[in-house]
Amino acid sequence: MTAMWKADWVDPRSTALLVIDVQQGFVNRHSRGVLPAVVRLVEGWRAAGAPVVLSRFHNEPGSPYETITGWTRLRTPEEQALVSELTPYVDSAAAVIDKTQASIFTPEGARIIQDAGWTDLVLCGIDTDACVYDSAMAAYQSGCRPWIVVDACASSGGAQYHDAALLLAARNLGAEQLVTSETVLSRIGGTQGAHA
């Protein structure tokens with residue numbers, strides 16, 4: 001389902017890595033396996049001097065998640081905390097965006113992305129079928145080019161939801177926007193790597 005990264009390399013000045021909601025409350029047996037790939041992306045991005053943005057989801061009392069679907073998780077500081085594997089990178093992140101919606105394109109998030117002049121947004125994180133997908137669609141609708149790193153995303157609901165989101169992304173964003181971490185890291189480093 002993945003395609004070749006169109007450019008020979010990625011410009012670290014105009015491409016940001018968005019690490020979406022890799023938080024304790026979203027990590028379970030379905031999603032835990034992507035943590036090493038996410039950390040590799042962050043490390044590769046930092047080594048290239050390219051911007052990394054981290055987001056954290058907060059499910060506030062009275063949210064639509066609670067009132068419509070009855071979902072009340074991601075309320076406690078423990079659930080909202082980034083996984084320990086990412087805490088060493090918080091201080092050096094270009095931004096940490098706290099949000100009460102699925103998409104990272106909150107007013108603050110949209111302003112940060114616009115002010116930085118990022119034209120390409122590489123997305124990884126949890127959940128593929130919710131916050132990652134919604135952020136990718138919002139990026140597309142805002143005129144940014146979203147890239148979803150398929151092996152660095154997961155759904156806490158299971159593989160079927162991850163796969164369904166990638167199917168929708170291929171349909172709505174284009175299959176060429178789905179890439180692997182190997183491809184992305186080879187491009188951000190300016191080296192020629194294997195195709196996805």
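Contact here means heavy atoms within 4.5 Å. The structure is a predicted model.

The fold contains an open sheet of six strands. Their order is β3-β2-β1-β4-β5-β6, and the pairing is parallel. Strands β3 and β6 (178-179) stand at the edges with a single partner strand each, so one side of each lacks a neighbour in the sheet. Strands pair in general through backbone hydrogen bonds, in either a parallel or an antiparallel manner. I148 stands opposite L178 of β6. Helix α7 (residues 181-188) packs on the sheet and touches β4, β5 and β6. The direction of α7 makes about 130 degrees with that of β5. Helix α5 lies across β1, β3, β4 and β5. Relative to β4, α5 runs at about 170 degrees.

Strand β5 (residues 145-154) includes P146. P146 is buried, with a relative accessible area of 3%. Setting aside residues up to four places away in sequence, P146 touches L121, L123, A136, A139, Y140, L173 and Q177. W71 is another matter. The C-alpha atoms of P146 and W71 are separated by 28 Å, and the two residues are 75 apart along the chain.

The largest nonpolar core holds 63 residues. Within this core, L17, V19, L86, L121 and I148 touch the most other members. L121 is also one of the contacts of P146. I148 is the residue opposite L178. For V19, the contacts beyond four places in sequence are V38, V42, V52, V53, L54, S55, L86 and C124. Among these is L86, itself one of the core residues that touch the most other members. In soluble globular proteins, nonpolar side chains tend to be buried together.

A93 sits in the loop between α3 and β3. The relative accessible area of A93 is 16%, which means that A93 counts as buried, the limit being under 20%. Apart from neighbours within four places in sequence, A93 is in contact with V52 and L54. A93 and L54 are 39 residues apart along the chain, yet their C-alpha atoms are separated by 7.0 Å. V52 and L54 are also in contact with V19.

Helix α4 (residues 107-116) has buried residues at G109, I112 and I113. These residues cover an arc of only 95 degrees around the axis, which puts them on the same side of α4. In an α-helix there are 3.6 residues a turn, so residues three or four places apart point the same way. The cover over the buried residues of α4 includes β3 (95-99) and β4. The face turned away from this buried side carries the exposed residues P107, Q114 and D115. After α4 comes G117, with a positive phi near 75 degrees.

Several backbone features fall in loops. D21 lies in the loop between β1 (15-20) and α1 (35-47). Phi of D21 is near 55 degrees, a positive value in a residue other than glycine. D21 counts as buried, at 0% relative accessibility. L74 is in the loop between α2 (64-67) and α3 (77-80). L74 is not a glycine either, but has a positive phi of about 60 degrees. L74 is buried, with a relative accessible area of 0%. A cis peptide bond links I126 to D127, with omega near 0 degrees. D127 belongs to the loop between β4 (120-126) and α5 (128-141).

The structure holds zero disulfides. A disulfide would require a pair of cysteine sulfur atoms within 2.5 Å. For C131, the closest cysteine sulfur is in C153, at 11 Å, so the pair is too far for a bond. C131 is buried, with a relative accessible area of 6%. For C144, the closest cysteine sulfur is in C124, at 16 Å, also too far for a bond. C144 is buried as well, with a relative accessible area of 11%. C124 is among the contacts of V19.

How values were computed. Residues are numbered from 1 along each chain as its sequence is written. This is a predicted model: local features need pLDDT of at least 70, side-chain atom pairs count only at pLDDT 80 or more; totals for chains, interfaces and linings use all residues. Side-chain values use heavy atoms; hydrogens and water are left out. Helices (H or I, at least four residues) and strands (E, at least two) are DSSP runs, numbered from the N terminus. Buried means under 20% relative accessible area, exposed over 50%, partly exposed in between (1.4 Å probe, protein chains only). The arc is that of the directions from the helix axis to the C-beta atoms. A nonpolar core is a set of buried Ala, Val, Leu, Ile, Met, Phe, Trp, Tyr and Cys residues joined through side-chain atoms within 4.5 Å. Two strands pair if DSSP finds at least two bridges between them. Axes are lines fitted to C-alpha atoms, for helices over the stretch in contact, and angles run from 0 to 180 degrees between N-to-C directions.
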